[in-house]
Amino acid sequence: MASAPSAPRIHWFARLEHRIHVWREGRARRRGRTATIVPFPGYGGPGWVRVVGRVLIVPAQRRTEDGELASVRGWRSFVGIPVSFASVDVHIGDTTHHVVADRGGVVDIRISADLEPGWQTFTLSVDGQDPVEARAFIVAESTTFGVLSDVDDTVMVTALPRPFIAFWNSFVLDEHARIPVPGMAVLLDQLLRQHPGSPMVYLSTGAWNVAPTLWRFLGRHLFPAGSMLLTDWGPTHDRWFRSGRDHKLTNLRRLAAEFPNVKWLLIGDDGQHDESIYTQFMDEHPEAVAGVAIRRLLPAEAVMAGGRAGREPHSPDTAPWVSAEDGAGLRDLLGEAGILH
């Protein structure tokens, strides 16, 4: 009789990280601190919703004399203590769903729910604390167009591939000092106004820790609201760090499966792997791509980023593929391609 397959062995660094989180959580709870859940904008379709958030023990956030949230330096986004395998209640209408966070405190689950198309709200709660309001964009069954955009060096200048600049932007730089890519907010807003009811998804290899900061940045610079799909920088079961490429491809494939009638305009930049990722996705799911818009890094940005990615071969017959240095240039080229009017 064949023996049952053994469970995969978890990477030793992942086990160490978990022990450190458990120790920090125990220490914080002995000091009387409690967990909360930080919701992230999700999305859904007819009869379901993807709920995304993270359970953390976080320090109180400073406010200005006017009551506004104080400016946040990047490193403060990483001091929260993730609560492993926390029990979370998702309250939608008269129904409560009981879900469990993963080892890193992340909740990312699809649950049944009948919500109207557009932005909808529901609440999440943990440890008997007051419910926290969460949002999700529900895509109507008749929707056929969507926008998916990278973040770093696509809507926000970060020069992420260079390790020191990545550290500076993520851990040191004040959120008010981050710079938007010129014209990108106008481009995204125009796309959504011309395609009402279309989903807007920000897909990034950035850590979930910076999601609240990113959300405030997008709102401050008038980018349209959208669902956010980030990742955890920590170790996985079998490697030191998660693969950003795998993260993006996995979510692209998931969106193609969840919304088979939607064609996505994929927006990225030439400083990382967006071109190769989008090319692979187009090869796998040509029916799911309305077009690709690549923001070319400026010469100084390309130097800081360690150069540009090599051009990927792609068939112009599959979908329009345009490239420019800012949102205005992309908007003109997308107009010529018939995606903008």
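Biologist: Which residues of α6 are called buried?
Modeller: Asp274, Glu275, Ser276, Ile277, Tyr278, Thr279, Phe281 and Met282. Buried means under 20% relative accessible area, exposed over 50%, and partly exposed in between, with a 1.4 Å probe on protein chains only. This is a predicted model, where local features need pLDDT of at least 70, side-chain atom pairs count only at pLDDT 80 or more, and totals for chains, interfaces and linings use all residues. Residues are numbered from 1 along each chain as its sequence is written, and side-chain values use heavy atoms, without hydrogens and water.

Biologist: What makes helix α6 largely enclosed by the rest of the structure?
Modeller: Eight of the 11 residues in 274-284 are buried, so the rest of the structure largely encloses α6. Helices (H or I, at least four residues) and strands (E, at least two) are DSSP runs, numbered from the N terminus.

Biologist: Which elements do the buried residues of α6 pack against?
Modeller: β9 (145-149), α5 (244-258), β14 (263-269), β15 (289-295) and β16 (321-324). Contact here means heavy atoms within 4.5 Å.

Biologist: Where is confidence lowest, and where is it highest?
Modeller: Helix α2 (residues 163-172) is lowest, at a mean of 48, and β9 is highest, at 98. The score is pLDDT, the predictor's confidence in each residue, from 0 to 100. Over the protein, the mean is 80, and 70% of residues reach 70 or more. Where pLDDT is low, predicted coordinates should not be read in detail.

Biologist: How do you know that β9 and β14 pair?
Modeller: Two strands pair if DSSP finds at least two bridges between them. β9 and β14 have five, in the parallel sense. Ser149 stands opposite Ile267 in β14.

Biologist: What is the strand order in the open sheet of six strands?
Modeller: β13-β12-β9-β14-β15-β16, with parallel pairing.

Biologist: Why do β13 and β16 count as edges?
Modeller: Each has a single partner strand, so one side of β13 (227-231) and one side of β16 lack a neighbour in the sheet. Neighbouring strands of the sheet are turned by 20 degrees against each other on average, direction ignored. Helix α8 (residues 327-336) packs on the sheet, touching β14, β15 and β16, and its direction makes about 155 degrees with that of β16. Axes are lines fitted to C-alpha atoms, for helices over the stretch in contact, and angles run from 0 to 180 degrees between N-to-C directions.

Biologist: What makes strand β1 mostly covered?
Modeller: Eight of the 10 residues in 36-45 are buried. β1 runs antiparallel to β2 (residues 48-57), joined by eight bridges. Gly44 has Val49 as its bridge partner in β2. Two residues lie between these strands in their hairpin, where Gly47 takes a positive phi near 90 degrees. β1 also pairs with β8 (residues 132-138) in the parallel sense, over three bridges. There Tyr43 has Phe137 as its bridge partner.

Biologist: What joins β4 to β5?
Modeller: Six bridges, between antiparallel strands at residues 87-92 and 95-100. Ile92 stands opposite Thr95 in β5. The two strands form a hairpin with two residues between them, and Gly93 in the turn has a positive phi of about 60 degrees.

Biologist: Which residues touch the most other members in the largest nonpolar core?
Modeller: Val147, Leu188, Leu191, Leu214, Phe223, Ile267 and Leu334, out of 39 residues. Such a core is a set of buried Ala, Val, Leu, Ile, Met, Phe, Trp, Tyr and Cys residues joined through side-chain atoms within 4.5 Å. Helix α3 (residues 184-194) gives the most to this core, with six residues.

Biologist: Why is this core said to lie between domain 1 and domain 2?
Modeller: Domain 1 (10-64 + 71-138) and domain 2 (145-337) both give residues to the core, so it lies between them. The bounds come from an automatic or database domain assignment.
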